[in-house]
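Work through the exercises below with the model open. Each task is followed by a solution in steps.

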Amino acid sequence: MINVSSIVEKALLVGVTFKRTPMRWRTDDSLHELAELARAAGAEVMGTIRQRLFRPTSYYLGKGKLEEVKQLKALHKCSVVIFDDELSPTQQRNLEQTIGEKVIDRTALILDIFASRARTREGQLQVELAQHEYLMPRLAGQWSHLERLGGGIATRGPGETQIETDRRLIRGRIKKLKEQLERVIRHRTLHRGRRRKSGLPVVSLVGYTNAGKSTLFNRLSNAGVTSKNQLFSTLDPITRRIRLPLGDELLVTDTVGFIHKLPPTVVSAFRGTLEDLHDADVLLHVADISSPMVSEQIRVVEDTLDQLGMANKPKLLVLNKADLIKSSAETIDSLLDSFEDQEWLSNALDSNQPKVLVSAITGRNVDGMLETLQRMLVNQW
Ligand SMILES: Nc1nc2c(ncn2[C@@H]2O[C@H](COP(=O)(O)OP(=O)(O)OP(=O)(O)O)[C@@H](O)[C@H]2O)c(=O)[nH]1
Ligand SMILES: [Mg+2]
């Protein structure tokens, strides 16, 4: 793997709305997030192109729009064009041939960020597995032009080192990675068994990327893990023992965030990490109340947990970044009451779900959160 994050690539973003797909996310909101992802991967966003189409073409876009992409790319001297959906291998190849520049999709971009963040052996193996699974159907020799186009986003990892590799070799590599991953996970599961024997309740922080999970984790544990205003700061899970206000101890885990259109290859490669969530007695679902997309983000997290078979886990919704909300409400309870009446929140969740409003940065109501958590744990434990 080559670390090329010091190279700033100029990127052009493309988002398409298909008339037939039911959309919760507006194309602009999704593109805004794509821009954040591009920045997290070290790119500079030079422009954005959007289109409404009835259905995708073999170029994903319409012919006229494709011309526009070429012109804007040339104008801004972009070295990469990033699409906000997963492209089929044929679409990607057709686009690269026509545009004459590197074309990547949301999945490759996310995998690239993950590749640059993974620090543990398990994290690295998971990312490499996901990259190979992604690469597999796209192998038909199309990586050779990337050699010509040089390094940068989405050429980290298998793409650049295995240009000459055929499907058989990739398949062999996937098999090997799965075996290695299995061994690492087995080893860790032993460790997990020991942890369970410690008899302490386990609480896992989950939530949309950038919601403030690591900031809250640090406030609870003084662990000093990275928290940054950037998508996917955290990749590898970390656990710490903390003490509740009434003196009880528990284990808290911080882990990778979720995102809208999280690719299935990523979810399946990260099964090991995500399965740890099954050990949790309670999930603390951290959401960024200051984001205009908060209800959609809550929904994405709920849906992802559902896919992972954790729909029925006890959950405490932690509405974070309360300090950024302008309100005349004097107490945190009255502020929360004012949210409860609002449609966005009632649409996003079932009204019986326990929720608290906090600021992980200022520490406001974090003790209140812990008291609610303690009550929930008493009911389980
Ligand atoms: N104003 C304010 N900012 C916050 C609060 N909590 C977190 N942040 C900021 O939000 C950004 C993201 O915080 P993180 O803790 O890294 O978020 P995360 O959920 O761990 O994100 P990923 O690991 O990237 O998925 C950082 O810039 C934090 O400083 C809060 O309560 N108030
Ligand atoms: Mg984090």
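The exercises that follow concern a predicted model, and they cover a metal site, salt bridges, a charged patch and a helix.

**Exercise 1. The metal site**

Task: Find which residues coordinate the magnesium ion (ligand 2), and state where they lie.

Solution: 
- Step 1. The donors to the magnesium ion are OG of Ser214 and OG1 of Thr234, at 2.0 to 2.1 Å.
- Step 2. Ser214 belongs to helix α9 (residues 213-221), whereas Thr234 sits in the loop between α9 and β6 (238-243); the pair therefore ties together parts 20 residues apart in sequence.
- Step 3. Ser214 and Thr234 are both buried.

**Exercise 2. Salt bridges**

Task: State how many salt bridges a search of the whole structure finds, then describe the pairs Arg188 and Glu122, Glu302 and Lys315, and Asp29 and Arg26.

Solution: 
- Step 1. The search gives 22 salt bridges.
- Step 2. Arg188 and Glu122 meet through their side chains at 2.5 Å, N to O. Since Arg188 is in helix α8 and Glu122 in helix α5, the pair ties together parts that are 66 residues apart in sequence. Both Arg188 and Glu122 are buried.
- Step 3. Between Glu302 and Lys315 the N to O distance is 3.0 Å. This pair links helix α12 (residues 294-307), which holds Glu302, to strand β9 (residues 315-320), which holds Lys315, 13 residues apart.
- Step 4. To classify this pair, apply the cut-off for buried, under 20% relative accessible area. Glu302 has 16% relative accessibility, so Glu302 counts as buried. Lys315 has 9%, so Lys315 also counts as buried.
- Step 5. Asp29 and Arg26 form a salt bridge at 3.3 Å, N to O. Arg26 is exposed, with a relative accessible area of 53%.
- Step 6. A network of salt bridges links Glu33, Asp84, Asp85, Arg106 and Lys261.

**Exercise 3. The positive patch**

Task: Name the residues that gather in a patch of positive charge on the surface, and find which helix gives the most to the patch.

Solution: 
- Step 1. The patch consists of Arg121, Lys176, Arg183 and Arg186.
- Step 2. Helix α8 (residues 167-197) gives the most, with three residues.
- Step 3. Arg121 is placed in helix α5 (residues 121-135). With 47% relative accessibility, Arg121 counts as partly exposed.

**Exercise 4. Helix α3**

Task: List buried residues of helix α3 (residues 89-99), and give the phi of Gly100.

Solution: 
- Step 1. The buried residues in helix α3 include Gln91, Gln92, Asn94, Leu95, Glu96 and Ile99.

How values were computed
Residues numbered from 1 in each chain as written. Chains lettered and ligands numbered in written order. Predicted model: local features only at pLDDT ≥ 70, side-chain atom pairs only at ≥ 80, totals over all residues. Heavy atoms only, no water. Patch = residues over 30% accessible without salt bridge, like charges linked within 9 Å, V, L, I, M, F, W, Y side chains within 5 Å. Areas by Shrake-Rupley, 256 points an atom, 1.4 Å probe, with all protein chains shown as cover. Salt bridge = Lys/Arg side-chain N within 4 Å of Asp/Glu carboxyl O. Lys, Arg positive; Asp, Glu negative; His and termini not counted. Charge placed at Lys NZ, Arg CZ, Asp CG, Glu CD. Helix = DSSP H or I, 4+ residues; strand = E, 2+ residues; numbered from the N terminus. Buried < 20%, exposed > 50% of the residue type's maximum accessible area, 1.4 Å probe, protein only. Donors = N, O, S within 2.8 Å, 3.2 Å for Na, K, Ca; no water.
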